[in-house]
Amino acid sequence: PDVPSALGAGDALTLMQRLIVCAQREPLTAIGDGRLAMADASDVGALADADPGTVRSLTGLLHRSGLLRRVERRFEVAAAAADWLGDADPGRRWLAVARGARPDGPLHELLATWHGEAFADLAERAHAAWPFGDDWLRPELRQLRDDWAATGVREADQARTPAGRALLTGQTPPVDWAPPAGNAYLQDDLRIVVPGVSAPPVAEFLSWVARPLALAQAETYEVTAETVASAHAHGFEAADILRRFEEMSATGVPQPLRYLVNDTIAAMGRIVVAPAPGGTGLRCQTPALAETLLVDQRLRLLALIRRAETELFTRSPLPAVMAALSEARHPASTELPEPPDDASAPPAVAAGPSPAERDDSVVDLPHLLQPPPQERLVSWAIKHHAALEARITMPGGKVQTFVLHPRSISHNRLRAADPSTETERTLPLSAIDALRIEGDRWDR
């Protein structure tokens, strides 16, 4: 399974794009020798109908061409990938990656004077030129053979393809690649079918809001409540998602899909908890979130009472409320938005009830601000028991990455368990340079 099968240049280009889209959502695991882990190669290969050896070879070529970058033990998408995906010339895109299949050193000089067709002929000439070079020559030839097969430089019978001839002569190759599909079919069963290869903007969007089921002749994705919630955690609003669906759909947006997007995001949001006379008050970001808390059987011991559209009250003390919300996977915060800098000019607020009419059990909290995407990621990770990967610049400029199991977030500080040291860390969000959801789930 580690030996690539020979692809056409067009198929190779399709697989390159799909590899970048897969790495965009979830970075790929690198092993000690710098290659892609076989487990990830098998997963991507099963998804894209490609053998693991080809996936591993193309990942290495994408890395050497600067479209993927290695960060510790992972391959991440590099900034140059955006320009590469946006290039309308398939031959130029293929050549940018396939150039990495041209060896350096002595073999490069041999290729400059070789005009044969079969790879076996090249190997024979190389062994004749360096009869005592087996230690370095065999690995070089094996790598060259695999890279040429994965990119479409050679065919299954070892002969060079037209694209391969163009590569070796420095010309832009002819790549038989069907134009990408800009439209998709959105189905009532919450599946999305793209007839062919997705256009790069469509592929990138779908990588955030849907789960790929198959990336073969046609691409099939499934939209679930979890994928919508994850997209929201990464900054997508319901209106943004539905607008993009409208733009890409050839058949309109089915009602079940609209309901799923609107209901999932409406039930998400921020919960602020604060002491109140006789108990604890909760302010929810949306009415739908307040309704979700009211009907959640895991919170029944709190005996929540609705006092306003987005306000709840319980006789339980604040620590018990925070513990119950955490156990039920509803991230909450005791943080209040800071007052305005100019205290002499407070913001205008709507007139409330008079003191005589006021219910003292209702918490008087300021209007909630939209939580930043970083806080959304933390809240989503707590709710779904996902690990977070935090990148922090340490004193002295060294960049260090921590895999953390978040517990809570309050006053712009993240409290999380560090499984590598079996300790608990409290980090200010402002100290975190980059934050992303790690793929593995953890058992609380």
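Helix axes are lines fitted to C-alpha atoms over the stretch in contact, and the angle between two axes runs from 0 to 180 degrees between N-to-C directions. The exercises below use this definition on a predicted model.

**Exercise 1.** State how helix H2 and helix H3 are oriented to each other, and which residues meet.

Solution. 
- Step 1. The axes of H2 (residues 38-48) and H3 come within 8 Å and cross at roughly 110°.
- Step 2. Angles of 65 to 115 degrees count as roughly perpendicular. H2 is therefore roughly perpendicular to H3.
- Step 3. From H2, the residues Met38, Ala41, Ser42, Val44 and Gly45 meet Pro52, Val55 and Arg56 of H3.
- Step 4. Sorted by class, this contact holds five nonpolar, two polar and one charged residues.

**Exercise 2.** Decide where the buried residues of helix H12 lie around the helix, and what they pack against.

Solution. 
- Step 1. H12 covers residues 238-248, and its residues Ala238, Ile241, Leu242, Phe245 and Met248 are buried.
- Step 2. Viewed down the axis of H12, the buried residues fall within an arc of 130°, so they line one face of the helix.
- Step 3. Ala239 and Glu247, on the other side of H12, are exposed.
- Step 4. The partners of the buried residues are strand E4 (185-186), strand E5 (191-194), helix H10 (200-209), helix H11 (225-233) and helix H13 (255-266).

**Exercise 3.** Describe the largest nonpolar core and the surroundings of Phe245.

Solution. 
- Step 1. The largest nonpolar core has 70 residues, and Phe245 and Met16 are among those with the most contacts inside it.
- Step 2. H1 gives the most to this core, with nine residues.
- Step 3. Beyond its neighbours within four places in sequence, Phe245 is in contact with Leu186, Ile192, Phe205, Leu206, Val209, Val223, Val253, Leu257 and Val261.
- Step 4. Another core, of 22 residues, lies apart from the largest one and includes Leu377, Ala381, Ile392 and Ile432.

Terms used. Residues numbered from 1 in each chain as written. Predicted model: local features only at pLDDT ≥ 70, side-chain atom pairs only at ≥ 80, totals over all residues. Heavy atoms only, no water. Core = buried A, V, L, I, M, F, W, Y, C linked by side-chain atoms within 4.5 Å. Buried < 20%, exposed > 50% of the residue type's maximum accessible area, 1.4 Å probe, protein only. Helix = DSSP H or I, 4+ residues; strand = E, 2+ residues; numbered from the N terminus. Contact = heavy atoms within 4.5 Å. Arc of directions from axis to C-beta. Parallel < 35°, antiparallel > 145°, perpendicular 65-115°, else oblique. Nonpolar A, V, L, I, M, F, W, Y, C, P; charged D, E, K, R; others polar.
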